[in-house]
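Subject: Structure for you to look at

Hello,

Here is the structure I promised to pass on. Please open it alongside this note.

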Amino acid sequence: MMINRNASRLLTGLMLATMLLSACGGGNTAPEAAPTPAASASPLPSALPEASPTMAPSARQVSGLTGLPVQEGSLPRPLAVMINNAPAARPQSGISEADVLYEVLAEGGITRLIGIFQSHTGVVKIGPIRSIRPYLLDLGESFGGVTVHAGGSPAAYAILQRQKKADMDEIGNAGAYFWRDKERKAPHNLYSNAAKLLEGADKLGYSASIGVPSYEFTDPDYLPTEGAPAAELSIHFLLQSYTVGYKYDTERRSYARSVNGKAHLDLNNNNPVEAANILVIGADHKVLDDVGRLQIDVELGGEALLFQRGTVLTGKWARKPDDMIRFVKTDGTEALMYPGITHVLIVPNSPSFSSHVEYTAAPSPT
């Protein structure tokens, strides 16, 4: 049947009006989703995640390791720096500006620190820098970082040479990018800085663009709805004479670190060494030789505690290939982190994981 010309014009007009109303939404726009609360979580990633922020979309660029705003532009490849933690090496320089700080046993009951530096490219002094071990190399590489060290065990050197790792060794391929501080005695006097190390990594031909894993973050204003109160904690690695403590500061919303009851400060700026998230994990330790070198399993997973905002969650730690250590809640999902620095402390499973960690609901009087 034929439609006359006027009817055709009327039909076309009605169709256009309907399309315009649909495009405008007719005032029925769906409400924005509420921010994810701290109690919610997402499943543990099945593959290495991209280095993109997981907070609510924002015009500002944020770090995938801290969840904090960073200077616009591409973030550099992380630096995984082996940092001396012997008594003569403290206070160290630069550790308050590491995005992530690991602490794990070395020989003699003293721990070694691994500082992961990416967000802060202007750190003026980092160190004292020490040697590498296979498990230290493994942990640093889990962030896609260039490993920064001075020497290493025979087993670590074998891995570096056989697998052509991206590393900067003060006594090997990168001596020009380190210096000795005359105010300290060797071997506690070796330093570098972010600018020199990034320059050296470039000169050595290490790729500046590489996949870097990221944490998932919650809104900083949400209070935890899970876990038990834990305003203060102490960690015993091996020696009874060496205890690491953390005390929660409600105003700064972070845990300030101490060593043997003394505040742990950064020599660069006298700032406290502090963390928004503290992950304490248990791992199997084995003594390999008369020197006391260790083998530490940083892949198997096991018991873990996560301290945030004055509370503690009990769960497990897990790690997929080429990924960093993550905290898994009892429901099998990965816990969200609060924006800020994360500390990961690895203690022996023997005689038990719980024997190395103590915490209380309220901080002791100062």
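This is a predicted model: local features need pLDDT of at least 70, side-chain atom pairs count only at pLDDT 80 or more; totals for chains, interfaces and linings use all residues.

**Salt bridges**

The structure holds 13 salt bridges. Side chains of opposite charge can pair when their charged atoms come close. A few deserve a look.

Start with Asp-181 and Lys-125. Their side chains form a salt bridge, with 2.6 Å from N to O. The two residues are 56 apart in the chain. Asp-181 sits in the loop between β7 (179–180) and β8 (190–191). Lys-125 sits in the loop between β4 (111–117) and α2 (134–141). Asp-181 and Lys-125 are both buried.

Next, Arg-319 and Asp-138. The closest N and O atoms of this salt bridge are 2.8 Å apart. Arg-319 is in the loop between β19 (311–318) and β20 (326–328), and Asp-138 is in helix α2, so the bridge ties together parts that are 181 residues apart in sequence. Arg-319 is buried, as is Asp-138.

Then Glu-274 and Arg-252. Here the closest N and O atoms of the salt bridge are 2.5 Å apart. Glu-274 belongs to strand β14 (residues 274–275). Arg-252 lies in the loop between β11 (243–249) and β12 (254–259), and 22 residues separate the pair. Is Glu-274 buried or exposed? Its relative accessibility is 17%, and the cut-off for buried is under 20%, so Glu-274 counts as buried.

There is also a network: salt bridges link Asp-323, Arg-326 and Glu-334.

How many residues of strand β3 (residues 100–105) are buried? Six of its six residues are. In a regular strand the side chains alternate between the two faces of the sheet. In β3, Val-100, Tyr-102 and Val-104 point one way. Leu-101, Glu-103 and Leu-105 point the other way. Both sets are buried.

Which way does β3 pair with β4? The pairing is antiparallel, over six bridges. Leu-105 has Thr-111 of β4 as its bridge partner. The hairpin of β3 and β4 has five residues between the strands, and there Gly-108 takes a positive phi near 75°.

β3 also pairs with strand β22 (residues 342–348), this time in the parallel sense, over five bridges.

**Pockets**

Rolling a probe the size of a water molecule over the atoms shows where empty space is left.

The largest pocket holds about 700 Å³ of space. Its lining has 35 residues, and Pro-134, Leu-137, Asp-138, Glu-141 and Glu-299 lie nearest the centre. Two or more lining residues come from each of α2, α3 (154–163) and β17 (294–296). Helix α2 gives the most, with five residues. By class, the lining has 15 nonpolar, seven polar and 13 charged residues. Note Asp-138 here: this pocket residue is also the salt-bridge partner of Arg-319.

The second largest pocket has about 440 Å³ of space. It is lined by 22 residues. Nearest its centre are Leu-68, Ser-96, Glu-274, Gly-340 and Ile-341. The lining of the second largest pocket splits into nine nonpolar, seven polar and six charged residues.

**Two polar residues**

Asn-84 is in strand β2 (residues 79–84). Asn-84 is buried, with a relative accessible area of 2%. What does its side chain contact? A polar atom of the Asn-84 side chain lies 2.9 Å from the backbone nitrogen of Ala-86. The side chains of Asn-84 and His-188 are joined by a polar contact of 2.7 Å.

Thr-333 is in strand β21 (residues 333–334). Thr-333 has a relative accessible area of 16% and is buried. Its side chain makes a polar contact of 2.6 Å with the side chain of Asp-331. Thr-333 and Gly-315 are 18 residues apart in sequence, and their C-alpha atoms are 10.0 Å apart in space.

Best wishes

Note on methods:
Residues are numbered from 1 along each chain as its sequence is written. Side-chain values use heavy atoms; hydrogens and water are left out. A salt bridge is a side-chain nitrogen of Lys or Arg within 4 Å of a carboxyl oxygen of Asp or Glu. Helices (H or I, at least four residues) and strands (E, at least two) are DSSP runs, numbered from the N terminus. Buried means under 20% relative accessible area, exposed over 50%, partly exposed in between (1.4 Å probe, protein chains only). A polar contact is a pair of N or O atoms within 3.5 Å; within protein, one must be able to donate a hydrogen and the other to accept it, and residues adjacent in sequence count only if both atoms are side-chain atoms. Two strands pair if DSSP finds at least two bridges between them. On a 1 Å grid over the protein atoms alone, a cavity is a set of points where a 1.4 Å probe fits but cannot get out, and a pocket is an open set with protein on both sides within 12 Å along at least five of seven lines; lining residues have an atom within 4 Å of a point. Grid points are joined across faces, edges and corners, and a volume is the space filled by probe spheres set on the points. Ala, Val, Leu, Ile, Met, Phe, Trp, Tyr, Cys and Pro count as nonpolar, Asp, Glu, Lys and Arg as charged, and the others, Gly among them, as polar.
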